[in-house]
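Visitor: Hi, could you walk me through this one? I'd like to begin with the ligand site.
Guide: Happy to, let's have a look together.

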Amino acid sequence: MHVFVTGGTGRIGSAVVAELLGNGHTVLALARSDASALVAEAAGAETLRGDLADLNVLRVGAAQADGVIHLAFANDFSSADAFAQAVAEESAALAALGQELLGSGRPFVTVSGTPHVPGRVSTEADPVSTEGLTGGRGRAVMAVLDLASRGVRSSTVRMPRTVHNEGKGGFAGMLTEIARRTRVSGFPGDGTQRWPAVHALDAAVLFRLALELAPAGTAWHAVADEGDAVRDIAAVIGRRLELPVQTVPQETYGPLGPIFAADQPSSSTHTRKTLGWEPTHAGLLEDLENVQP
Ligand SMILES: NC(=O)c1ccc[n+]([C@@H]2O[C@H](COP(=O)([O-])OP(=O)(O)OC[C@H]3O[C@@H](n4cnc5c(N)ncnc54)[C@H](OP(=O)(O)O)[C@@H]3O)[C@@H](O)[C@H]2O)c1
């Protein structure tokens, strides 16, 4: 397939582009700068210059592709307002891409997050949250899945809290950055809360499988580690950075504080059984050994 990819230069997207190119597909990558275009072209993709806010460019990209994978996101957690603006931009982009694919039967794979279900491990059958800080992203993804009834083979690949590669990325990556800055490897609460995780190279395989195989309107979990205790994550980071490991106030994490404090394990049993996905790369605690002082 000729696949239009947004976010193809990111941590996950660059792995997805490589996975697609290595498995007989070709890629048209959205690139918002010269630097991003160079990265995507060096990986072997064609590029289409534009930003997520350039809805006409997105329509042009989707129109010339056999399928679309969407991963671009501003990831601006600096304030609740900045995050809301990033969500609004992404929601408009998803609507424009979906509109272009109506009635075509072509695959449209978008990224999402594993749900948090208090008291138990979440599964692919649980809905994503449409409330709170990230609720707008949930609503946009639900709208994409609803396109199943309008001739789009829409699906979503849900990411765990940490998608890592060479010890970097996701919530664990944020803990590392904060530890470097504050000289403490901290965690909120008692640290027994669990976060699921996956290696970016394993997540990339699942995006390809969803593109190739997922029935319309379906959700999949890219979960390799069902849940690593946050104090265990902080312990590896502290040891690697030679810093003390201790609980810190939830407010340290700004708008993400309540999310960082929650126990949110997640399973991928259905995904593995149905799509034959099997992660093969390092788990999070092993990959964090790559963190350099
Ligand atoms: N990493 C994780 O642990 C994790 C966990 C859960 C969910 N996710 C989700 O997975 C997706 C990809 O994550 P990631 O870790 O790969 O992100 P990333 O490394 O920050 O990459 C973001 C990608 O989006 C592009 N992008 C950002 N804003 C854009 C805009 N306005 N217009 C066009 N392109 C734009 C970036 O392009 P440039 O190269 O030009 O900057 C880059 O290719 C995001 O939706 C993220 O929320 C990630």
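Visitor: Which helix and which strand each supply at least two residues of the shell around the ligand?
Guide: Those are helix H1 (11-21) and strand S7 (162-164). Helices (H or I, at least four residues) and strands (E, at least two) are DSSP runs, numbered from the N terminus. H1 gives the most, with three residues. Keep in mind that this is a predicted model, where local features need pLDDT of at least 70 and side-chain atom pairs count only at pLDDT 80 or more, while totals for chains, interfaces and linings use all residues. Residues are numbered from 1 along each chain as its sequence is written, and side-chain values use heavy atoms, with hydrogens and water left out.

Visitor: Which residues come nearest to the ligand?
Guide: Of the 26 residues around the ligand, the nearest are Thr 9, Arg 32, Ser 36, Arg 137 and Val 163. A residue counts as near if one of its heavy atoms lies within 4 Å.

Visitor: What is 2.7 Å from a polar backbone atom of Val 163?
Guide: An oxygen atom of the ligand. Also, a polar side-chain atom of Asn 75 lies 3.3 Å from a ligand oxygen atom, and one of Asp 51 lies 3.4 Å from a ligand nitrogen atom. The protein covers 83% of the 900 Å² of accessible area that the ligand has on its own (Shrake-Rupley method, 1.4 Å probe).

Visitor: New topic: which residues touch the most other members of the largest nonpolar core?
Guide: Val 16, Leu 20, Ile 69, Val 157, Met 159 and Phe 207, out of 32 residues in that core. A nonpolar core is a set of buried Ala, Val, Leu, Ile, Met, Phe, Trp, Tyr and Cys residues joined through side-chain atoms within 4.5 Å; buried means under 20% relative accessible area (1.4 Å probe, protein chains only). The largest share of this core, eight residues, comes from H7.

Visitor: What is Leu 20 in contact with, leaving aside neighbours within four places in sequence?
Guide: With Val 3, Val 5, His 25, Val 27, Ile 69, Arg 208 and Leu 211, where contact means heavy atoms within 4.5 Å.

Visitor: And Asp 126, is that buried or exposed?
Guide: Asp 126 is buried, with a relative accessible area of 10%. Asp 126 is found in the loop between S5 and helix H5 (135-146).

Visitor: Which side chain does a polar contact of 2.7 Å join to that of Asp 126?
Guide: The side chain of Arg 120. A polar contact is a pair of N or O atoms within 3.5 Å; within protein, one must be able to donate a hydrogen and the other to accept it, and residues adjacent in sequence count only if both atoms are side-chain atoms.

Terms used. Buried < 20%, exposed > 50% of the residue type's maximum accessible area, 1.4 Å probe, protein only.
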